[in-house]
Amino acid sequence: MFTPFVSLTLALAVAAVDRATEAEEAAISDPNQECTAYYYAPISTKISSFPPIWQPATIVAGDTVAQDKWNSIAGSVPSNIQPRGTPAGNFTNVTYTADDPACWWTYHQCVTPKLAGLPADIATVPEPMTLGYGFDDGPNCSHNAFYDYLTEKEQQATMFYIGSNVMDWPLEAQRAVADGHQICVHTWSHRYMTALTSDEVFAELYYTIQAIKLATNVTPSCWRPPFGDVDDRVRAIANALGLQTIIWQYDSNDWKVGINGVTQDTVNQNYQKLVDAANSGTFASQGAIMLTHELNNYTMQTAMDWYDRLNDAFDYIVPIAVALNDTHPYAETNYTMPSFNDYINGQTQTSGSSSTSPSGSKTSGAASASGTSASQTSGAGPRLKPQWSWVGMTGIFVAAFALA
C-alpha cells in the first residue's frame, strides 16, 4: 500500500520560488515543481516535537502531554494480546489459533471485535447503492491534477493521510480540507500495527493526529490501519484516541502493481468486479467501500479512468463520513459536512472555518526524491505528468500462519 520515502521536511539547502499558501500550492501544474521540498514554518519549527519522519513512532522524550495521555489509556489496553510478526509484515513464524481470539483482520478479515466495548469496524456503508469513496497514503506531493479532477466532478472523498507525509507536504494536506474532503489517520510510518508494542501503536496514531491538527487545524475521528492489519489490542488504543476503524470489502490492489504478479490488468479487473457487483444488485441493501490509493501517478490516474464507470454503476459516490451521516467528522464542533440526503441533493459544501493557513513564513528547498512513476494507462480523464518516485523499503511480505 505504501513505500516509505526519505523525508523532505529538512531538505532545505537550495532556495527556490516561495509558495506561502494552500491556494498557491494548489495552482501549480508542474509535478516537478509540486514535489520540490519547501520549508513551512508552522510545521518545520515544530519538527522536534514529533518522532523522526518515516521511522516507527515512539513517544518523544520530554513530551509530557503525550506520555500523560498514554498513561491514561494504557490500563484499558488488553494485556493478553501480544505483538506478532514484524513491522514490515513478516508473520511467517507466528502461531495463532484458528478461533481468531483477537479479531485479527490480517488473519481472517474479522471486523466485529471480541473485546467488549469496542465498536465494529466500518467495512461497508449503510446507504444502498452507494460507494464510500476514499484514498490511502496521501497527501501525495503531485496530487493537484487528481484533486483538480475531483473538483471538476464536484466529488469529495475520504483521504487517509500518513503523518510523515503531512509533515513533508502540509500545504497539500490543507488542500483536502479546502476542497471539502474528509481527512482520516493512516498512521505515522505505515507499518503493520499488530507487530508494534502498545505504546508504539499509540505513538503512530497520536502523532499523526497532532500532525494533521497542526497542518490543517482539524482533528480526525477515523483511521485506517495500513494493510488492514488490526486486532482488538490496536482497536482499543485507537478507540481510546477517538478513532473509528475503517476497513474495506473490495480491494483494487492498485498499490501492488509489479508485486507478486499483480499487473495493471489485475487492477482493472478488480475495478470491473466492483462495477459488476453494483450492476447485479449486490449493494441493494447496503453500499460498499473499495481500497484505492493516492500513492502515485498510476493509482491516481486509474481512479480517474474508472470514475465515470463507477458513477454509472452506483447511485451515489460520497465520502465515507457522508455515507455514515456523520456531519461532524472532526473534534472541532464548528466544522460540519453535509448529511447524506443533503449531499445527494447537491449540497456538497462543508461549513465552518478550519483555519488552514497557520501563521508563519515559508521558503522552498531541494527535494531528495528522484525518478519517475509507473507508466500511464489509457482511459478517460486528464493525463498526469511524470511524477517523482520515492525511495525506501517496501516492507511487503506474504504472510504465512501456523495454526495452533
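Reply: The charged end of Arg84 lies over the ring of Trp104, at 4.3 Å from the ring centre. A charge is said to sit over a ring if NZ of Lys or CZ of Arg is within 6 Å of the ring centre and within 35 degrees of the ring normal. Arg309 likewise has its charged end over a ring, that of Trp306, 3.7 Å from the centre. The model is predicted: local features need pLDDT of at least 70, side-chain atom pairs count only at pLDDT 80 or more, and totals for chains, interfaces and linings use all residues. Residues are numbered from 1 along each chain as its sequence is written, and side-chain values use heavy atoms, with hydrogens and water left out.

Trp104 also belongs to a cluster linked by ring pairs, together with Phe91, Tyr96, Tyr107, Tyr192, Phe227 and Trp255. Rings of Phe, Tyr and Trp (its six-membered ring) pair if their centres lie within 6.5 Å; planes under 30 degrees apart count as stacked, over 60 as edge-to-face and the rest as tilted. This rule gives 24 aromatic pairs. Phe146 and Tyr147 are edge-to-face because their ring centres are 6.0 Å apart and their planes stand at 65°. Tyr330 and Tyr335 also make an edge-to-face pair, with 5.0 Å from centre to centre and 70° between the planes.

Buried means under 20% relative accessible area, exposed over 50%, and partly exposed in between (1.4 Å probe, protein chains only). Phe146 is buried at 0%, and Tyr147 is buried at 0%. In the other pair, Tyr330 is buried with a relative accessible area of 4%, and Tyr335 is buried at 2%.
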